[in-house]
Amino acid sequence: MVRGKGLLPLAVAGAIAVTALAATAPPATAGTGAGTANAAVSAGGPAACGGHAALRRALHRLTHTDGLAGAAVRVDAPGCGEWAAAAGAADLRTGRPMPVAGRIRIGSTTKTFTATVLLQLVAAHRVDLDATVDHYLPGLIDRNGYDGRRITVRQLLQHTSGLPDHVDALDFDHPRTWRTHDFTPGELVALALDQPRPARAWSYSTTNYIVLGMIIRKVTGNSPSREITGRIIRPLGLKDTYWPHADRAIEGPHPHGYERLPRGGGTVLTDTTDFNMTYAGVGGALVSSLADENRFFAALLGGRLLPPAQLAQMKATVPADPDRIWPGARYGLGLISTPLPCGGTYWGHGGTTPGFETTGGVAPDGRRVQLVINQNIDSARSFEDELATISTALCENR
């Protein structure tokens, strides 16, 4: 799931467009509690594979220069093993350092899990990518000019369905009014159908994945969360990855998540860790960890979860709106490709939930990187620094 429109919050998109910073920056104290901590190196180490000085500086920039609460990164590289580091604080009240192994909300990276199971059903000839929504869910989409007879499964996966995003109907400036509400998929679709049609042919919409989850349920007879757990999470041994359903708290060790919310004519940095994620469902509710995300993408892009034909379909991309994701991004079937400054492209996804920003993927040489920031980004500079941190991690020493 994402806060606002697409993976890039609307306020940040506007700031980038005019090359200006958001008006309200986080306080200087937000990122000064812990410094860089909890680094670990294995299987070859810096002597064999080069150090990570540039990546450490990038983390420091996020937490100290940009003033974000905390940030953690994990790198898994063939022949070089795993490396992780963190900067800043997991808890601004106590000053507890940001961990490298805590559980986090991964937001829209959940979409890649959902797309993978859908494509497994395609491989088993139980779902047709070019069949319509109405074929599986007759009458679900049939008002306000939206017609399920004209929307295909492929278009849902690719965000070319023309469906608006139900997330746009939720008041993220005042989440207390709904953050404990237990949403149903049907309720979320209804919220979306009340919204105006998107202006562009490609338009990021978490509603697309809510509908895909309903198709998975219809075809298999099981909840999509059960199918994803049985087909991906359990077989891969993703011990930190689970569905919170209506539980607002994150189980196990985790950093707190923060965002700036309006109050008294200004903004206040607010703890938004506890949240009912049913509003995101199979489009963004998963809890995971950096290590589990890297393991998942290694299995997916290594051909362990999909046959070659379906993985190729997943990687068939269309141009994405840079104001909804990030410059240069192209969207496949639940998978994003992004050009690297050191050459080639990386494949992955990203996500934003209240209090958490995550992004990462796999480079052409097989290096896997995941980054989490436990505060929502609200300036162009911070967003650019987040992207630069991923590029640094994937390109460093290449």
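How many disulfides does the count come to? The count comes to 1 disulfide, with a disulfide taken as a pair of cysteine sulfur atoms within 2.5 Å. This is a predicted model, in which local features need pLDDT of at least 70, side-chain atom pairs count only at pLDDT 80 or more, and totals for chains, interfaces and linings use all residues. Residues are numbered from 1 along each chain as its sequence is written, and side-chain values use heavy atoms, leaving out hydrogens and water.

**View 1. The disulfide between C342 and C395.** A disulfide is a covalent bond between the sulfur atoms of two cysteines. Here C342 is joined to C395, S to S 2.0 Å. C342 lies in the loop between β11 (336–339) and β12 (345–353), and C395 in helix α12 (residues 380–395), so the pair ties together parts that are 53 residues apart in sequence. Helices (H or I, at least four residues) and strands (E, at least two) are DSSP runs, numbered from the N terminus. The S-S torsion is about -70 degrees, so the disulfide is left-handed. C342 is partly exposed at 33% relative accessibility. C395 is buried at 14%. Buried means under 20% relative accessible area, exposed over 50%, and partly exposed in between (1.4 Å probe, protein chains only).

**View 2. R74 in strand β2.** The strand covers residues 70–77. R74 is buried, with 16% relative accessibility. Its side chain makes a polar contact with the side chain of E82 (3.2 Å). A polar contact is a pair of N or O atoms within 3.5 Å; within protein, one must be able to donate a hydrogen and the other to accept it, and residues adjacent in sequence count only if both atoms are side-chain atoms. Not counting residues up to four places away in sequence, R74 also touches residues including W83, L290 and R368. Contact means heavy atoms within 4.5 Å.

**View 3. L305 in a loop.** The loop runs between α10 (290–301) and α11 (308–314). L305 is buried, at 11% relative accessible area. L305 and L236 are 69 residues apart in sequence, but 9.6 Å apart in space, C-alpha to C-alpha. Leaving aside neighbours within four places in sequence, the contacts of L305 include L236, T116 and F296.
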